[in-house]
Amino acid sequence: MNQRSITCYMCKKNTSDYINILNEYICDECESDISTLQSEDIKYAYYNIMLKEMWHKFLIAYP
Ligand SMILES: [Zn+2]
C-alpha cells in the first residue's frame, strides 16, 4: 500500500496499490496479470504493446 494513488499505465484505473516501473505506474492487478498470463491470451498482446511503449518512452527520456 502506497501513500498516494496513481493511474495505472495499463488499465487506467486509479489505485494506491502499484509498482513503479520504467517511470510509469502499474497497479498490482495488472502486475500479477502480466506474470500469470499465457502468451495466447489476448490480454497478453495488449500488455506486450503497452510494455513496448513504456520502454520506448523510457529510452527516449534517458538516452
Ligand atoms: Zn492496472
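How many helices and strands does the secondary structure of the protein chain come to? The count is two helices and four strands. The model shown in these views is predicted.

**View 1. The protein chain from end to end.** Along the sequence, the pattern reads β-β-β-β-α-α. The C-alpha atoms fill a box of roughly 35 × 30 × 15 Å, taken along the principal axes. The protein chain has 63 residues, and buried ones make up 11% of them. Now take the contacts between residues at least 6 apart in sequence: 20% of these join residues at least 24 apart.

**View 2. The largest nonpolar core.** Seven residues form this core. They are C8, Y9, M10, Y18, I26, C27 and C30. In soluble globular proteins, nonpolar side chains tend to be buried together.

**View 3. I26 and its contacts.** I26 belongs to the largest nonpolar core. Set aside its neighbours within four places in sequence. I26 is then in contact with C8, Y9, M10, Y18, I19, I21 and E31. Among these partners, C8, Y9, M10 and Y18 are also listed in the core.

**View 4. L37 in the loop between two helices.** L37 lies in the loop between α1 (28-36) and α2 (42-61). Is L37 buried, exposed or partly exposed? L37 counts as partly exposed because it has 16 C-beta neighbours inside 10 Å. Not counting residues up to four places away in sequence, L37 touches K43, Y44 and Y47.

**View 5. L37 and I6.** These two residues are 31 residues apart along the chain. Their C-alpha atoms are separated by 23 Å.

Notes
Residues are numbered from 1 along each chain as its sequence is written. This is a predicted model: local features need pLDDT of at least 70, side-chain atom pairs count only at pLDDT 80 or more; totals for chains, interfaces and linings use all residues. A residue is buried if 20 or more other C-beta atoms lie within 10 Å of its own, exposed if 12 or fewer, and partly exposed in between; C-beta atoms are placed from the backbone. Two residues are in contact if their C-beta atoms, placed from the backbone, lie within 7 Å. A nonpolar core is a set of buried Ala, Val, Leu, Ile, Met, Phe, Trp, Tyr and Cys residues joined through C-beta atoms within 7 Å.
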